[in-house]
Amino acid sequence: IYILGIESSCDDTAASVICNGKVLSNVVANQKIHEAYGGVVPELASRAHQQNIVPVVDQALKKANISKNELHAVAFTRGPGLLGSLLVGTSFAKSLAFGLQIPLIEVNHMQAHILAHFIEEEGYNKPPFPFLAMTISGGHTQIVKVSNYFDMDVIGETIDDAVGEAYDKSGKILGLGYPAGPEIDKLAKLGNPKAFKFTKPKVDGLNFSFSGLKTAILYFVQNETKNNPNFIEDNINDICASIQYTIIGILIDKLKIAVKQTGIKHIAIGGGVSANSGIRQALKDGENKFGWTTYVPKFEYTTDNAAMIAIVGYLKYLNNDFSENKITASARLKI
Ligand code: ATP
Ligand code: FE
């Protein structure tokens, strides 16, 4: 069964072909244009999607070495995301499926970040049901109880910023490029995580809060640069290591509560921030310390990609779960 997946929820235009759950191609066109603005500009994003979508899909088919007539279904991201961006992928997917007379399958982007774990990869152990998924990305921070492929409950989430935003906004304060997550991760490895202390937010239960951290970092940096104008440059590694240490602490604390509350000890992570080396290490360390088992997807399936959309398409295809052609994009789609 050949499924084409199309992803256009934010600033990456992506297409992928999978065959019976195995990835044949996984093409992503990054939109460099947003770097100059220090964040994604929605108008520019949808315009770039329009320019990219045809060549990206074309490349995905070429790399998979199949013709569009061999496809069994087209899966696309219906939401959540930027409406203008989602509309490009949605309209394209609808037209293609209609033209080829094959089923159209809507996919929830946040479910896809989780179900990316079910892509067939040699040597990769898939998480057994039920498991806990921690989705940490640019727009979301959630702990989800996954009882089955399409039986998911959000049991905790951020009440303000997402963890990816915490990385990106801290990076902006420090004068790093956008997105800052990967750079902070890299610099953090060279610094002392306990050099500076940032207080963790007090949020009850399984919810998160990250907006206070960004403000704390802003005041801290402003204060220190009064005494030393080169404070950031002189201490960048230690600052990054301390920020990363604080963020990891917040995430692990909540996971511990979630494991205790649910009794579920299988933890899968997903979303762009799960590429973070410190978080991956802390989860691994938790296997001995807290007795849990962790599942970490391959790097290219953590940040936005279309293979994760295609795998959800495949799972839905097996269930005959198709969408009607009058379907529209939904910016605030929930799990
Ligand atoms: P959502 O999935 O919630 O709609 P998104 O699709 O924009 O949001 P992703 O592409 O999943 O988000 O993730 C992007 C985020 O991941 C950015 O905030 C980026 O800084 C962060 N990120 C990527 N790599 C790393 C890393 N190594 N360490 C920390 N953060 C990282
Ligand atoms: Fe995403």
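Which helices each supply at least two residues of the shell around ligand 1? The helices in question are α3 (109-115), α4 (163-173) and α5 (181-188), helices here being DSSP runs of H or I with at least four residues and strands DSSP runs of E with at least two, both numbered from the N terminus. The close-up views below show a predicted model, in which local features need pLDDT of at least 70, side-chain atom pairs count only at pLDDT 80 or more, and totals for chains, interfaces and linings use all residues. Residues are numbered from 1 along each chain as its sequence is written, while chains are lettered from A and ligands numbered from 1 in the order in which they are written.

**View 1. The shell around ligand 1.** Ligand 1 is surrounded by 24 residues, of which the closest are Gly 138, Gly 139, Gly 164, Gly 181 and Gly 272; a residue is taken as near when its C-beta atom, placed from the backbone, lies within 6 Å of the molecule. Sorted by class, this shell holds seven nonpolar, 14 polar and three charged residues, where Ala, Val, Leu, Ile, Met, Phe, Trp, Tyr, Cys and Pro count as nonpolar, Asp, Glu, Lys and Arg as charged, and the others, Gly among them, as polar.

**View 2. Strand β1 and its two partners.** Strand β1 (residues 2-7) is mostly covered, with six of its six residues buried; buried means that 20 or more other C-beta atoms lie within 10 Å of the residue's own, exposed that 12 or fewer do, and partly exposed that the count falls in between, with C-beta atoms placed from the backbone. In a regular strand the side chains alternate between the two faces of the sheet. In β1, Tyr 2, Leu 4 and Ile 6 point one way, whereas Ile 3, Gly 5 and Glu 7 point the other way, and all are buried. The strand pairs in the antiparallel sense with β2 (residues 12-19) over six bridges, pairing being assigned when DSSP finds at least two bridges between two strands. A hairpin of four residues joins β1 to β2, and Glu 7 has Ala 14 of β2 as its bridge partner. With strand β4 (residues 73-79), β1 pairs in the parallel sense over four bridges, and here Ile 6 stands opposite Phe 76.

**View 3. The two sides of helix α6.** Helix α6 (residues 211-227) has 17 residues and reaches 26 Å from its first C-alpha to its last, close to the 24 Å expected at 1.5 Å a residue, the expected span being 1.5 Å times one less than the number of residues. Its buried residues are Leu 213, Lys 214 and Ile 217. They cover an arc of only 95° around the axis, which puts them on the same side of α6; the arc is that of the directions from the helix axis to the C-beta atoms. The face turned away from this buried side carries the exposed residues Thr 215, Tyr 219, Gln 222, Asn 223 and Lys 226. What covers the buried residues of α6 includes α4 and α7 (231-262), with contact meaning that the C-beta atoms of two residues, placed from the backbone, lie within 7 Å.

**View 4. Two cis peptide bonds.** Gly 79 and Pro 80 are joined by a cis peptide bond with omega about -5°, and Pro 80 has its place in the loop between β4 and α2 (83-100). A cis peptide bond also joins Phe 129 and Pro 130, with omega about -10°; Pro 130 lies in the loop between α3 and β6 (131-136).

**View 5. Two asparagines with positive phi.** Asn 65, in the loop between α1 (42-64) and β4, has phi near 65°, a positive value in a residue other than glycine. Asn 65 counts as exposed because it has 10 C-beta neighbours inside 10 Å. Asn 320, in the segment after α9 (307-318), has phi near 55°, likewise a positive value in a residue other than glycine, and counts as exposed with 7 C-beta neighbours inside 10 Å.

**View 6. The surroundings of Tyr 149.** Tyr 149 lies in the loop between β7 (141-148) and β8 (151-157) and is partly exposed, with 17 other C-beta atoms within 10 Å. Not counting residues up to four places away in sequence, Tyr 149 touches Leu 115 and Leu 315.
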